[in-house]
Amino acid sequence: MHRWSQLFTPTLREAPADAEVASHKLLLRAGYIRQLGAGIYSYLFLGNRAINKIVAIVREEMDTIAQEFLLPALNPAEVWQESGRWAGMGQNMFRLQDRKGADLCLAMTHEEVMTTIARSELRSYKQLPQIWYQIQTKFRDEPRPKSGLLRVRQFLMKDAYSFDIDEAGLDASYAKHDAVYRRIFTRCGLEFVAVDADSGSMGGSQSQEFMVYTDAGEDLIASSSSGYAANLEKATSQLLPVEDLAPTGNGLPELVSTPGKASIADVTAFFGIESSQDIKCVAFMGTQAAPPLGTAKTGFVIPTLPASIPVVAFLRGDHQVNEIKLNAVVGTVEIRPMMPEELDFYIGGPAGYLGPISIPEVMTGGSLNGLKSGKPIEKLKGVVRDSYMEEAEKLAEAERLLGFARPLKTIVVMDLGLEGRKNLIAGANQLDMHYRNVTPGRDFTPTLIADIRTVNEGEPDPIAGEPLRIGKAVEIGHIFKLGRKYTDSMGASVLNRDGKETTPIMGSYGIGIERILTAAIESSAAKFSKELSSRPESPRSGDTAERPAVSTESFALPPSIAPFQIVVTVTNVRESALLEAGESITLALEAAGFDVLLDDRDERAGVKFKDADLIGVPFRIAVGKKLAEGKVELLNRLTNQTTDIPLAESVQHLTAAMSFN
């Protein structure tokens with residue numbers, strides 16, 4: 001029997017001032033966690049019980065499709081260098097050296113380690129498919145730890161990896177994880193949505209995030225009533241028709257003096273047009289991911305990469321560039337705005353007057369594909385500027401200003417929203433000058449045309465044209481079709497049915513254990529706040545102060561992941577009859593299989609009730625004055641319903657209540 005009087009449950013009356021989101025405040029106040037350092041937390045008794053329950057659900061469901069491993073958190077640099085991610089992870093990875101000077105890291109994820117096992121142990125297609133998983137501590141050198149357990153430097157993660165002989169096998173493994181994830185999150189009591197997502201540094205052809213709507217979320221997702229849902233980084237929408245301008249003169253590009261009209265607002269006012277009739281230019285310098293180091297088997301070498309890659313995006317004046325989409329289509333991992341000298345060198349014009357006509361040395365789509373392949377620059381055609389040898393004096397100045405020795409041709413990306421448009425306004429790459437009558441395809445040819453814009457609230461979804469809703473959400477899980485990125489670069493292969501070597505195809509599947517707990521608390525706190533705001537103000541208080549958006553006073557976890565499902569509160573332990581009844585109910589409920597906490601502290605009833613609300617237990621039985629009538633009070637905090645029940649029927653009532661939650 002768990003007696004509150006004997007447990008370490010250090011609740012707080014108020015949250016520390018630096019706690020921001022509701023879950024952070026409540027986790028601290030409820031005594032679930034204590035902070036050791038920036039993004040580093042200790043899990044106390046109640047927090048650890050909740051985490052262990054989540055882990056048990058994850059393990060039970062994962063065991064239906066996979067085998068559990070336990071891999072080292074400390075990894076040698078070599079395996080990460082083989083995949084190319086040693087450099088690609090940048091400062092996000094914790095790195096260290098042993099006493100002999102060998103480079104090591106604390107793993108953020110384990111694709112590389114799993115692939116080394118597959119490379120060493122898997123020999124034949126007969127050994128496939130394989131799905132391996134672990135539940136283990138991960139590390140990330142988060143630059144700005146905040147929001148409690150949402151953005152931390154050490155965290156618990158379930159990560160799984162599949163190895164299949166072909167794409168059909170990967171599809172099956174991916175579908176298995178999708179189904180298991182839905183069962184896990186449903187059992188954890190979460191209302192979630194599965195959304196299309198960007199694969200980021202993981203790579204691969206397809207990925208899906210599992211998200212929970214909450215104002216504490218750092219991701220934005222777009223969804224609609226038709227069932228469409230996607231991370232804003234990946235979301236698309238239907239473009240409604242917009243009116244083109246009538247041509248002027250002979251209909252060809254015409255220079256117009258626009259002194260001091262550098263912003264879109266200034267340009268649209270000057271010409272008397274809508275922003276959708278203007279071409280916006282956004283110019284970046286991009287960085288490629290580090291290439292794989294390779295193995296003796298693959299024969300890969302480290303190619304010489306340019307210091308940076310010029311990327312110029314053109315889109316409608318009323319649209320915003322989506323940097324994640326842009327990175328994906330041009331093969332960069334990071335982009336930054338061009339400096340003035342870079343604008344002049346690569347585009348030939350000043351900020352505010354940039355346009356697509358007469359950009360010198362635009363890279364073709366074929367050359368861009370070669371650049372994205374990771375081959376050495378010197379072996380690629382059409383990537384380095386043709387004027388590299390001819391403009392020695394200008395190149396020397398560029399090297400001095402920009403710090404590179406191989407200036408590349410400019411990658412020009414045009415958004416789909418400009419496709420088919422006519423007679424638009426665009427910068428002329430001259431100070432105080434613009435063009436009118438600019439028609440994409442006739443007046444300029446981009447490197448490629450792609451969706452590189454961020455969707456807006458209310459735009460029609462791509463499925464049925466229903467308005468998009470954009471809201472904040474917390475990511476609780478992510479599944480990826482990795483493809484052969486890791487097995488190729490690290491030289492993993494098996495013999496196929498024909499006896500020929502083939503490279504297995506991989507999937508990667510993650511769940512943030514603490515994020516499940518955090519999302520559940522945020523959802524519950526928001527629900528309590530909504531109920532509080534719907535209540536009329538007390539006529540006695542006269543308090544008209546605005547209530548908080550999310551409650552930080554209490555929450556109720558789903559019974560499956562709460563540290564205790566039921567708290568039995570003895571209102572006055574000095575009355576032996578009440579204490580004996582409380583102990584009797586606790587034993588009966590425990591015998592029925594419930595996790596029960598007996599509050600036998602010598603405290604006022606109000607203090608006990610407030611503490612019970614604060615620690616997130618979903619059901620409370622109060623043993624008090626009504627015991628004289630053979631009754632106790634049952635509070636279902638998930639529905640906020642209170643019922644007087646016969647003492648002898650406590651187990652039956654709790655069993656029925658649990659079945660509905």
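**Exercise 1. The sheet around β5**

Task: Determine how many bridges join β5 to β7, and state in which order the strands of their sheet are arranged.

Solution. 
Step 1. Strands β5 and β7 run antiparallel and are joined by 3 bridges; two strands pair if DSSP finds at least two bridges between them. Strands (E, at least two residues) and helices (H or I, at least four residues) are DSSP runs, numbered from the N terminus. The model is a predicted one, in which local features need pLDDT of at least 70 and side-chain atom pairs count only at pLDDT 80 or more, whereas totals for chains, interfaces and linings use all residues. Residues are numbered from 1 along each chain as its sequence is written, and side-chain values use heavy atoms, with hydrogens and water left out.
Step 2. Within this pairing, Leu74 is placed opposite Leu106 of β7.
Step 3. The open sheet consists of 3 strands in the order β5-β7-β6, with antiparallel pairing.
Step 4. The edges are β5 (74-76) and β6 (94-97); each has a single partner strand, so one side of each lacks a neighbour in the sheet.
Step 5. On average, neighbouring strands of this sheet are turned by 35 degrees against each other, direction ignored. For such angles, axes are lines fitted to C-alpha atoms, for helices over the stretch in contact, and the angles run from 0 to 180 degrees between N-to-C directions.

**Exercise 2. Thr109**

Task: Decide whether Thr109 is buried or exposed, and identify the side chains with which its side chain makes polar contacts.

Solution. 
Step 1. Thr109 is located in the loop between β7 (103-106) and α5 (111-121).
Step 2. Its relative accessible area is 6%, so Thr109 is buried. The term buried means under 20% relative accessible area, exposed over 50%, and partly exposed in between (1.4 Å probe, protein chains only).
Step 3. The side chain of Thr109 makes a polar contact of 2.7 Å with the side chain of Glu111 and another of 3.3 Å with the side chain of Tyr161. A polar contact is a pair of N or O atoms within 3.5 Å; within protein, one must be able to donate a hydrogen and the other to accept it, and residues adjacent in sequence count only if both atoms are side-chain atoms.
Step 4. Thr109 and Arg140 are 31 residues apart in sequence, and their C-alpha atoms are 9.5 Å apart in space.

**Exercise 3. The two faces of α7**

Task: Explain why the buried residues of α7 line one face of the helix.

Solution. 
Step 1. In α7 (residues 264-271), the buried residues are Val267, Thr268 and Phe271.
Step 2. Viewed down the axis of α7, these buried residues fall within an arc of 95 degrees, so they line one face of the helix. The arc is that of the directions from the helix axis to the C-beta atoms.
Step 3. On the face turned away from the buried side of α7 are the exposed residues Ala265 and Ala269.
Step 4. The cover over the buried residues of α7 includes β14 (254-257), β19 (424-427) and β20 (433-438), where contact means heavy atoms within 4.5 Å.

**Exercise 4. Thr503**

Task: State where Thr503 lies and which residues it touches.

Solution. 
Step 1. The loop between β24 (501-502) and β25 (505-512) holds Thr503.
Step 2. Thr503 is buried, with a relative accessible area of 18%.
Step 3. Residues up to four places away in sequence not being counted, Thr503 touches Arg484, Thr487, Asp488, Ala492 and Ser493.
Step 4. The side chains of Thr503 and Asp488 are joined by a polar contact of 3.4 Å.
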